Amino acid sequence: MTPESDGGTVVDDGAVDERSSSPQTTVTVLWAALTELRRDPRLLGPFAVAGLLVALADWLRQWDPIPVAAPNWMAETVSLQYSVFPRGTARTGRRIGAVVDLELPYLLGAVALETAVLLAIGAAGWLTMTRALDGQRDRGSLTRYLAVLVTVTAVLGVFGPVEFSPGSVPLGLLVVFAISFVVVSLFPFPGYLAVGLGVPAALRASVATARGQRFRLFGLVLAFGLAVWGLALVPVAGGFLSTALVAPIQAVSIAVLLRRSGPVSAE
């Protein structure tokens, strides 16, 4: 048994034992995820397929008669495009108002396209994390994962992005701290859904896992949020790149975190 550079140990069969008590940082978690992706390139497959669909949807939105809008973050100097569920970001989007009073064929086409993209992203995340965790795959966990993803996306689509202009610096810092606390606490949440926990149990497990390592998780949130934003800015291919490259690393990082937090199984 010899030391491994990411803080784990290598056992006789060459696998990494991630239950080491050595301190772990944002960098070591990312390195472990990249090492796993290099060892098993098939983990990249699901999000590569989803990324192609995201890019295709970007192209189709430009050509159909339904109005599209460029996301506000494309005009910003720096933007953190982080999602609790592993995913990239499209370069185009539709406002809810754009589909109001549409003729039925156009409405059905728009709904079908957006649903297909969302389900592909959800299936890719579920497949990647369950493979990385060597977990049993069952329809119940996939259905639950997709249902939560669709619900969260629909709610955000109705209410739009959160915009806050504080009247004072202390109030602004307080809001940023509160949002960061919630996002960091939910970082492991998709992984627990993928392995079969119900929503309340997955939330409890996520909060418990994040406790004591919030700075490390905040570093991961920053890394993924900035990487998605940066790659999405690439003309034409941005939606594909942010989905195919960043999302699988986030998904495997969640799996690494769950393994290092103890045995992972459905209740």
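**View 1. Helix α2 passes helix α3 in a left-handed crossing.** A crossing is left-handed if the near helix is turned anticlockwise from the far one by less than a right angle, and right-handed if clockwise. In this predicted model, local features need pLDDT of at least 70 and side-chain atom pairs count only at pLDDT 80 or more, while totals for chains, interfaces and linings use all residues. Residues are numbered from 1 along each chain as its sequence is written, and side-chain values use heavy atoms, with hydrogens and water left out. Helices are DSSP runs (H or I, at least four residues), numbered from the N terminus. The axes of α2 (residues 45-63) and α3 (residues 104-132) cross at roughly 165 degrees and come within 8 Å; axes are lines fitted to C-alpha atoms over the stretch in contact, and angles run from 0 to 180 degrees between N-to-C directions. The two helices are therefore roughly antiparallel (angle over 145 degrees). Contact (heavy atoms within 4.5 Å) involves, among others, Phe-47, Leu-53 and Arg-61 of α2 and Glu-114, Val-117 and Ile-121 of α3. By class, this contact has 14 nonpolar, two polar and two charged residues (Ala, Val, Leu, Ile, Met, Phe, Trp, Tyr, Cys and Pro count as nonpolar, Asp, Glu, Lys and Arg as charged, and the others, Gly among them, as polar).

**View 2. Arg-61 forms salt bridges with Asp-58 and with Glu-114.** A salt bridge is a side-chain nitrogen of Lys or Arg within 4 Å of a carboxyl oxygen of Asp or Glu. The N to O distance is 3.2 Å for Asp-58 and Arg-61, which lie three residues apart in α2, about one turn of the helix. For Glu-114 and Arg-61 the distance is 2.9 Å; this pair links distant parts of the chain, α3 and α2, 53 residues apart. Asp-58 is buried at 5% relative accessibility, Arg-61 is buried at 5%, and Glu-114 is partly exposed at 29% (buried means under 20% relative accessible area, exposed over 50%, partly exposed in between, with a 1.4 Å probe and protein chains only).

**View 3. Asp-40, Arg-42 and Arg-131 are linked in a network of salt bridges.** The side chains of Arg-42 and Asp-40 meet at 3.6 Å, N to O. Arg-42 is exposed, with 61% relative accessible area, whereas Asp-40 is buried at 17%.

**View 4. Helices α1 and α9 pack in a right-handed crossing.** The angle between α1 (residues 26-39) and α9 (residues 238-260) is about 110 degrees, with their axes 8 Å apart. The pair is therefore roughly perpendicular (65 to 115 degrees).

Technical notes. Parallel < 35°, antiparallel > 145°, perpendicular 65-115°, else oblique.
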